[in-house]
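Please read the points below alongside the model.

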Amino acid sequence: MKRIYPREEVCIGCRLCEVHCLVAHSKSKDIIKAYKRETPRAVPRIRLEARGPVSFALNCRHCEEPSCVQACLTGALKKDPDTGIVTVDTEKCVGCWTCVLFCQYGAITPDVERGKIAKCDFCMHLKEPACVANCPNEALLLVEETPEKPPKEPAHA
Amino acid sequence: MKTYVPNKFIVERDESKCVGCQVCVTQCSFETHSWDGEEQAVKSQQDRCVGCHRCAMFCPTGAITIRRNPLEYRENYNWRAEYIEDVYKQAETGGVLLTGMGTDKPHKIYWDHLVLNASQVTNPSIDPLREPMELRTYLGRKPEKVELGPGNASLKTRLAPQVPIEVPVMFSAMSYGAVSINVHESLARAATEAGTLFNTGEGGLHPKLYKYGQNTIVQVASGRFGVHAEYLDVGRVIEIKIGQGAKPGIGGHLPGEKVSKEVAEVRMIPMGTDALSPAPHHDIYSIEDLSQLIYALKEATNYTKPVSVKIAAVHNAAAIASGMVRAGADIIALDGIRGATGAAPKIIRDNVGIPIELAIASVDSRLRAEGIRNQASLVAAGGFRNAGDVVKAIALGADAVYIGTAALIAMGCAVCQQCHTGKCAWGICTSDITLTKRLNPDIGSRRLANLLRAWSLEIKDILGGLGVNALESLRGNRLHLRGVDLTDTELKVLGVQMAGE
């Protein structure tokens with residue numbers, strides 16, 4: 001099961017993860033069009049948390065027992081039993097924001113303009129999640145692991 | 001006071017490409033870019049731009065171009081823009097002008113006037129892809145002669161400590177405090193991977209890097225910061241720093257703002273206090289005094305490590321080097337006028353010292369003439385840019401070279417010369433924790449190791465072309481060099497013939 005882990009000690013707070021997440025979830029997949037032409041603009045599913053020197057990028061943790069899935073009134077949120085990825089069916093999402101309230105990580109973004117939620121879908125259409133692929137300082141790690149284990153430290157740390 | 005110093009750079013933002021993501025705003029440590037919420041647009045305050053290219057490199061749409069400000073003065077060879085502006089700056093501040101990196105003045109670069117030989121017809125060249133090439137270099141004092149034991153199966157002569165390096169390129173002294181812990185870690189890991197050495201500089205060694213000690217040169221300089229028994233024990237080589245190419249005759253000054261809790265602990269000084277390295281070692285006023293320190297360090301480490309002595313290349317470098325060898329130095333490190341620094345008075349950096357090429361040649365010749373060249377290895381530093389420079393230095397007589405600036409460039413440095421401000425946007429020469437994170441040691445060490453690998457492949461290519469299969473066969477062999485566009489005196493000092501001769 002793959003997971004994305006932020007490395008706070010090398011996150012430089014540039015927000016390029018947000019930029020590339022937005023592009024990956026845009027219609028055109030073209031950065032300039034995604035920002036300048038598409039309305040409503042796509043919403044990044046990852047968010048940089050920063051205060052002073054501390055920063056890290058946070059997206060859906062794809063929890064073992066996701067409270068958002070339990071809370072969802074319409075059954076729009078589902079956890080895939082094979083991949084472990086929590087996905088949203090935007091056809092079913094009614095924009096009630098219950099999952100936004102329930103997520104203890106604050107990892108679900110209300111897409112107010114569309115009246116739907118936006119959340120990390122692990123960029124299943126790409127080889128690698130856009131945030132991981134485009135982090136300039138390798139501060140987002142894609143780790144293959146079983147859920148019980150703590151995040152692996154990189155080989156040389 | 002109103003400044004008369006114009007902007008150095010113009011920040012051009014292609015509005016058709018700018019998506020307002022504000023990555024440039026987050027990345028500029030000089031606060032050039034800012035977000036105008038009212039106009040929903042990024043604005044730039046151009047007078048703050050130092051030309052480090054951080055924003056341009058990180059802009060996801062390539063919307064930013066940094067150009068030199070074309071504001072021209074009336075043409076005047078004597079009063080060029082830089083000299084006019086230096087006078088403005090001093091008239092406004094009344095102070096010594098500080099700067100970082102190596103000199104940017106057009107001192108003659110002799111590497112560009114030296115060319116290498118290659119084998120043609122009468123001797124075969126070697127293909128380094130098919131045949132083994134030996135780059136290993138042993139640093140340390142070599143014996144006058146070697147005596148073998150019974151049956152010539154063992155060595156009778158007791159050898160002084162020798163330190164092998166697998167590529168004749170080491171990382172120059174850059175102190176923890178001047179550069180960040182992530183820079184030190186990157187250098188240490190890359191040196192370990194490449195089988196070479198990194199130099200701590202005068203600021204001690206962070207305990208978390210002790211595990212790289214076998215690839216570490218521990219420096220002892222005039223302030224003795226961070227020097228203690230364990231530090232000396234951990235290192236592979238001990239280096240006494242007398243001088244530095246960027247600022248011969250000048251001490252060091254790490255401002256109190258950079259002396260964080262950890263820097264203070266490693267340097268063994270109170271937090272927040274200025275770390276002042278005196279200009280001279282106050283216990284070294286002669287060769288005899290130097291000898292005392294060399295032997296004190298050898299004694300302290302039970303004669304297990306070579307002791308290096310580093311000086312800035314100055315007019316009498318050859319005579320001084322001879323004295324250093326006689327004082328017991330096992331390695332002579334020479335730092336030429338193009339050597340760099342984290343902070344130095346500009347007037348010193350640009351005007352004091354001699355080019356490293358001439359220093360290598362004159363020191364090597366002098367030590368040979370006196371019959372003591374075997375007693376010390378010669379390490380050259382000061383502006384080495386590529387493998388060609390390295391090979392030429394070795395042909396001139398060096399055993400190995402130090403690279404500092406090239407190593408920093410490998411980690412992202414754009415040589416913007418703002419090291420002395422402590423605001424390095426690339427997170428290299430700073431102790432600001434929001435900036436130091438910008439150098440991920442995983443990436444830094446990988447880039448450095450790649451650089452060393454690339455240079456060693458190129459060195460092997462050059463050696464193969466020369467028809468030699470070991471660096472030892474090139475060392476001090478100036479017949480492999482020829483001079484182009486040099487005067488007779490220059491050729492004489494360099495000890496090389498004119499091309500065509």
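1. Contact between the chains involves 26 residues of chain B and 25 residues of chain A, contact meaning heavy atoms within 4.5 Å. The model is predicted: local features need pLDDT of at least 70, side-chain atom pairs count only at pLDDT 80 or more, and totals for chains, interfaces and linings use all residues. Residues are numbered from 1 along each chain as its sequence is written, and side-chain values use heavy atoms, with hydrogens and water left out.

2. About 1900 Å² is buried between chain B and chain A, and carbon and sulfur atoms give 57% of this area. Buried area is the accessible area (1.4 Å probe) that two parts lose on being put together, summed over both.

3. Two salt bridges are found across the interface, a salt bridge being a side-chain nitrogen of Lys or Arg within 4 Å of a carboxyl oxygen of Asp or Glu. A:E138 forms a salt bridge with B:R446, with 2.8 Å between the closest N and O atoms.

4. Several helices of chain B each supply at least two residues of the side that touches chain A, among them α4 (181–194) and α14 (441–466). Helices here are DSSP runs (H or I, at least four residues), numbered from the N terminus. The largest share of that side, four residues, comes from α14(B).

5. The largest pocket is lined by 43 residues, and B:V5, B:K8, B:E85, B:K89 and B:Q418 lie nearest its centre. A pocket is an open set of points on a 1 Å grid over the protein atoms alone where a 1.4 Å probe fits, with protein on both sides within 12 Å along at least five of seven lines; lining residues have an atom within 4 Å of a point. The largest share of the lining, seven residues, comes from α3(B).

Notes. Chains are lettered from A and ligands numbered from 1 in the order in which they are written.
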